[in-house]
Amino acid sequence: MQWVRKHLLGLEELSAEEINFILDRADSFKEICTRPNKKVPALSGRTIINMFFENSTRTNLSFQLAARRLSADVLLFSKAGTSVAKGETMIDTAQNIEAMGVDVMVLRHGASGAPWKLARCVSCAVVNAGDGQHEHPTQALLDLYTIREVCGGIAGLTVGIVGDIAHSRVARSNIWGLTKLGARVMLIGPTTLIPRDIERMGVSGVEVCHDMDRAVRECRVLNMLRIQFERQGERPFPSIREYIQMFGLTRERLAKGREDLVVMHPGPVNRGVEISPEVADGPQSVILRQVANGLAVRMAVLQLVAGVE
Ligand code: CP
């Protein structure tokens with residue numbers, strides 16, 4: 001196939017073929033990342049800006065490094081210290097930046113839908129680096145890439161997503177991506193953290209489960225989500241201790257599961273809450289592999305939206 005999309009906004013709008021195309025493209029960048037000289041001239045002369053209106057470590061640095069490895073000029077923008085603090089809107093800011101000759105804008109924003117709004121107001125390509133509680137497409141792509149690499153494929157696997165589904169853009173993008181590629185998705189958590197309408201996202205192959213011990217036995221992969229305390233009004237469970245007891249991935253619980261169970265986490269990790277430190281750092285964890293793969297996936301995404309073959 002040929003890549004024809006100008007933007008990468010969400011996985012909801014991508015076909016399985018387009019998702020696989022990005023993952024296949026990332027394979028060649030992963031090989032490049034193992035060379036002593038990790039830089040290629042693909043985006044030489046192009047300018048990419050990271051516009052981060054919300055905190056980030058992994059996504060921000062990964063996009064920066066991906067752009068630099070592709071030889072692009074990289075601009076960094078964060079809310080603090082800019083005219084946004086004086087009241088300038090995101091769109092005014094973006095149009096002023098575009099006037100300087102930018103080719104790709106990578107946007108993280110706390111408002112769901114912000115990248116779609118931006119894409120309507122600028123002529124350059126827009127990549128969604130996480131919008132509110134809506135989508136985080138490159139996180140899901142790197143998760144899919146990692147599952148494919150570790151398990152040898154995605155179709156037919158049972159993949160559990162555990163915890164704070166209600167506030168998670170990672171969960172939403174993963175649900176779209178996994179189901180499009182033929183996986184069965186199990187959403188595990190307390191009823192208060194799983195939206196009532198989640199099974200009405202319009203996708204088949206999604207099941208809700210409130211029994212973590214069953215999930216550990218049945219799933220080939222568990223993607224442990226961070227409890228997003230900062231997005232919650234009232235605490236949706238009686239105590240952290242009870243949450244750990246019911247849904248935490250502890251060494252004892254993991255020992256009762258499949259031997260080949262793969263443990264993932266998008267980060268940042270609340271150690272000792274959704275996942276115990278021994279499990280996060282243990283042999284079944286691929287958390288740092290996800291981060292490494294994120295670089296190759298973001299190189300592929302930037303090259304594609306920049307329109308460079
Ligand atoms: N996974 C993820 O989006 O992490 P950051 O918030 O650090 O970018």
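The model shown is a predicted one.

**View 1**
Let us start with the ligand. With the cut-off in mind, look at Gln139, where a polar side-chain atom lies 3.1 Å from a nitrogen atom of the ligand. A nitrogen atom of the ligand also has a backbone N or O atom of Gly267 at 3.2 Å. Ser56 contributes through its side chain, with an N or O atom 2.6 Å from an oxygen atom of the ligand. Of the 250 Å² of accessible area that the ligand has on its own, the protein covers 91%. The residues around the ligand also include Thr57, Arg58, Thr59, Arg108, His136 and Pro266.

**View 1**
Pro268 itself sits in the loop between β9 (262-264) and α10 (277-280). For background, most peptide bonds are trans.

**View 2. Ser71 and its positive phi.**
Here is another backbone detail to check. Ser71 has a phi near 70°, which is positive although the residue is not glycine. As a reminder, most residues other than glycine have a negative phi. Ser71 belongs to the loop between α2 and β2. It counts as partly exposed because its relative accessibility is 21%, and buried would call for a value under 20%.

**View 3. His7 and its surroundings.**
Next comes a histidine in the segment before α1 (16-32), namely His7. With a relative accessible area of 17%, His7 is buried. Its side chain reaches the backbone nitrogen of Val126 at 2.9 Å. Not counting residues up to four places away in sequence, His7 touches Ala119, Cys124, Ala125, Val126 and Val305.

A disulfide is a covalent bond between the sulfur atoms of two cysteines. How many disulfides does the count come to? The count comes to 0. For Cys124, the closest cysteine sulfur is that of Cys121, and at 11 Å it is too far for a bond. Cys209 is in no disulfide either, as the nearest cysteine sulfur, in Cys219, is 7.6 Å away. Both sites are buried: Cys124 has a relative accessibility of 5%, and Cys209 has a relative accessible area of 2%.

**View 4. Aromatic pairs.**
To finish, some rings. The structure holds 3 aromatic pairs, among them that of Trp3 and Phe21, which is stacked with 6.3 Å centre to centre and 10° between the planes. This pair links distant parts of the chain, since Trp3 is in the segment before α1 and Phe21 is in helix α1, 18 residues apart. Trp3 and Phe21 are buried.
Phe53 and Phe77 have ring centres 5.4 Å apart and planes at 45°, so their pair is tilted. Phe53 lies in the loop between β1 (47-52) and α2 (58-69), and Phe77 lies in strand β2 (residues 73-78), so the pair ties together parts that are 24 residues apart in sequence. Phe53 and Phe77 are buried too.

Terms used: Residues numbered from 1 in each chain as written. Predicted model: local features only at pLDDT ≥ 70, side-chain atom pairs only at ≥ 80, totals over all residues. Heavy atoms only, no water. Helix = DSSP H or I, 4+ residues; strand = E, 2+ residues; numbered from the N terminus. Buried < 20%, exposed > 50% of the residue type's maximum accessible area, 1.4 Å probe, protein only. Polar contact = N/O pair within 3.5 Å; in protein donor to acceptor, adjacent residues only side chain to side chain. Contact = heavy atoms within 4.5 Å. Disulfide = S-S within 2.5 Å. Phe/Tyr/Trp six-rings, centres within 6.5 Å; stacked < 30°, edge-to-face > 60°. Near = heavy atom within 4 Å. Areas by Shrake-Rupley, 256 points an atom, 1.4 Å probe, with all protein chains shown as cover.
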